[in-house]
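I opened my notebook to go through one protein model, entry by entry.

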Amino acid sequence: MGGSGFDMGVGLVVAETELSVSELVDVSAALLIVRRSSCSVVWSTDLTLDKALSLPAYPGQVGIRPVTLNWGANTPQERGPIIVSRHPSALKIRQVNAVGSYGGSYCVYRALAVAIGALEPTHLPNLENTTPPVAIGPHPQWNDPSKIVSIDPYGHVVADAFADQIRAGTDIRPSIAVTKAHMTLEEMTTAVRQGRIQVDGRVVINERGDVNVAKAAVEPVWYLPGVAARFGIDEATLRRALFEETGGMYPELITRSDLKVFLPPIGGLSVYIFGNPEYLSDPTKKLTARVHDECNGSDVFGSDICTCRPYLIYGIEECVKEAQRGGVGVVVYFRKEGRALGEVTKYLVYNARKRQEGGDTAANYFLRTENIAGVKDMRFQALMPDVLHWLGITKIDRFMSMSNMKYDAIVEAGIEIRERCAIPDDLIPADSHVEIEAKIASGYFSTGPAPTTTSLEAVKGRSWDDISH
């Protein structure tokens with residue numbers, strides 16, 4: 001099998017139907033055996049298809065000409081565009097140079113839209129007037145292939161940087177969009193009414209407390225050698241786990257070891273900037289920052305079992321104040337629901353916590369999660385600082401987070417944190433003391449004494465029927 005790229009220990013299947021490479025497109029319903037110039041397919045279902053499919057190509061085949069991609073290059077043109085298009089023009093000349101699909105976690109909805117006939121599979125986006133209204137970068141960190149490995153630093157300038165290729169019909173899409181907006185939050189209205197926040201007409205623009213922001217949406221783009229190095233594992237191990245644990249969704253992870261970039265079907269992140277975005281990379285300007293991981297129950301629906309929304313709002317308010325003082329604030333919001341374990345797992349844990357013998361105590365907070373998920377946290381913050389490097393950040397003056405994992409990851413990435421700010425006690429909901437005390441005991445930053453085993457046992461959350469806790 002030398003030279004086929006099929007070299008990572010995946011078992012082979014005896015073929016029943018022989019198809020030429022030029023006729024094949026990716027299909028997960030097939031089991032495949034790799035040869036240098038052909039693929040053999042065994043259908044594992046009674047699926048009937050009315051047109052040819054296309055399975056992944058393999059390095060060394062005739063006609064395979066992926067567009068050159070040099071991660072960490074000084075300009076987008078030197079780096080090259082990231083192409084994962086299934087558009088016929090891309091497949092015809094085999095120019096795809098990455099694994100995955102455009103759209104992050106929404107790629108499956110695109111497939112559904114194609115399946116039901118709501119979207120033409122040959123549709124190409126019209127990117128006219130979509131370029132960022134504020135400039136982000138370029139920054140020196142973009143040219144260090146070890147600094148940014150989980151997003152495309154040029155993902156927001158695709159329409160301009162690769163305009164000629166796009167006009168020629170190549171399907172190249174942004175993985176980052178930057179825009180401007182007004183943020184309206186009830187808590188900001190209250191802060192203005194109570195005099196904690198002043199209307200300045202620049203950051204806070206009216207008595208309702210509307211806030212001027214620049215914001216970015218970022219989809220993940222993984223440079224696999226860099227991601228593997230960040231976690232201290234080899235690339236082959238990473239590729240195999242990604243292939244097997246997604247049910248073989250992307251065979252190219254195994255068959256195309258020459259393709260080093262992967263667009264994973266996972267949630268991305270949002271960036272909210274308060275004040276002048278240029279100040280983010282200016283070491284003479286004060287920066288207040290919060291890095292927040294998604295919590296739908298609290299952030300959106302106000303659940304009182306955790307501190308997520310109160311801490312998020314506190315971080316936003318402090319970012320606004322920093323911007324009004326002449327500095328800048330930034331909130332980064334990651335789609336890592338339930339510590340990246342998911343909301344179903346989170347709710348199962350809630351049930352187990354409330355029903356356990358002795359009640360919901362801080363002493364057993366993480367144990368219930370480990371019993372169900374096998375691990376207490378899968379956010380693995382090693383990739384998190386990449387977005388800070390994308391923004392050109394080299395130091396954070398006030399870090400609105402108690403997380404030791406986030407702090408360690410940022411500092412290890414070479415970004416200085418000058419002050420850590422805990423959530424004020426009066427913002428902690430009554431039922432979330434279980435969470436915050438357990439996290440402090442596990443290493444979270446706190447200005448108070450470390451909890452003891454006895455004190456953790458004494459911190460108990462309310463029961464479902466307790467309405468007065």
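Predicted model: local features only at pLDDT ≥ 70, side-chain atom pairs only at ≥ 80, totals over all residues.

**Entry 1: a term I need first.**

**Entry 2: the largest cavity.** I applied the classes to the lining of the largest cavity and got 12 nonpolar, eight polar and 11 charged residues. The lining has 31 residues in total. Which of them lie nearest the centre of the cavity? I found Cys308, Arg339, Tyr365, Glu435 and Lys439 there. The space inside comes to about 470 Å³. The search counted five cavities of 30 Å³ or more.

Next I asked which elements build this lining. β10 (287-293), α11 (308-324), α12, α13 (365-373) and α16 (433-441) each give at least two residues. Helix α12 has the largest share, with five residues.

**Entry 3: the second largest pocket.** I then looked up the second largest pocket, which holds about 820 Å³ of space. It is lined by 31 residues, and Trp222, Ile266, Met378, Arg379 and Leu383 are the closest to its centre. How many of the lining residues are nonpolar, polar and charged? I noted 22 nonpolar, four polar and five charged. Helices α7 (224-231), α8 (235-245) and α14 (386-390) each supply at least two lining residues.

**Entry 4: the whole chain.** Of its 469 residues, 49% are buried. I also checked how far apart in sequence the contacting residues are. Taking contacts with a separation of 6 or more, 70% join residues 24 or more positions apart.

**Entry 5: aromatic rings.** I searched the whole structure for aromatic pairs and found nine. One of them joins Tyr347 and Tyr350.

Why are Tyr347 and Tyr350 about one helical turn apart? They are three residues apart in helix α12, residues 343-355, so about one turn separates them.

Tyr350 is buried, at 18%. The cut-off explains the second label, because buried means under 20%.

I noted a ring cluster too: ring pairs link Trp222, Tyr250 and Phe262. Trp222 was already on my list, among the residues closest to the centre of the second largest pocket.

**Entry 6: charges over rings.** I looked for charged side chains above ring faces. The charged end of Lys336 sits over the ring of Phe334, 4.6 Å from the ring centre. Arg420 lies over the face of Tyr407, and here the distance to the ring centre is 3.9 Å.

**Entry 7: backbone details.** I checked the peptide bonds and noted a cis one. It runs from Gly137 to Pro138, with omega near 5°. Pro138 is in the loop between α3 (107-115) and α4 (158-161).

Asn129 lies in the loop between α3 and α4. Its phi is positive, about 65°, although it is not a glycine. Asn129 is exposed, with a relative accessible area of 73%.

Phe380 is in the loop between α13 and α14. It is partly exposed, at 42% relative accessible area.

**Entry 8: Tyr333.** Where is Tyr333 placed? I found it in strand β11, residues 328-334. Tyr333 counts as buried, at 14% relative accessibility.

I listed its contacts, leaving aside neighbours within four places in sequence. Tyr333 touches Gly268, Leu269, Ser270, His292, Glu294, Cys295, Asp299 and Leu312. I also looked up the spacing of Tyr333 and Arg290. They are 43 residues apart in sequence, and their C-alpha atoms are 8.4 Å apart in space.

Definitions and conventions:
Residues numbered from 1 in each chain as written. Heavy atoms only, no water. 1 Å grid on protein atoms, 1.4 Å probe; cavity = no way out; pocket = protein on both sides within 12 Å on 5 of 7 lines; lining within 4 Å. Points joined across faces, edges and corners; volume = space filled by probe spheres on them. Helix = DSSP H or I, 4+ residues; strand = E, 2+ residues; numbered from the N terminus. Nonpolar A, V, L, I, M, F, W, Y, C, P; charged D, E, K, R; others polar. Phe/Tyr/Trp six-rings, centres within 6.5 Å; stacked < 30°, edge-to-face > 60°. Buried < 20%, exposed > 50% of the residue type's maximum accessible area, 1.4 Å probe, protein only. Lys NZ or Arg CZ within 6 Å of the ring centre and 35° of its normal. Contact = heavy atoms within 4.5 Å.
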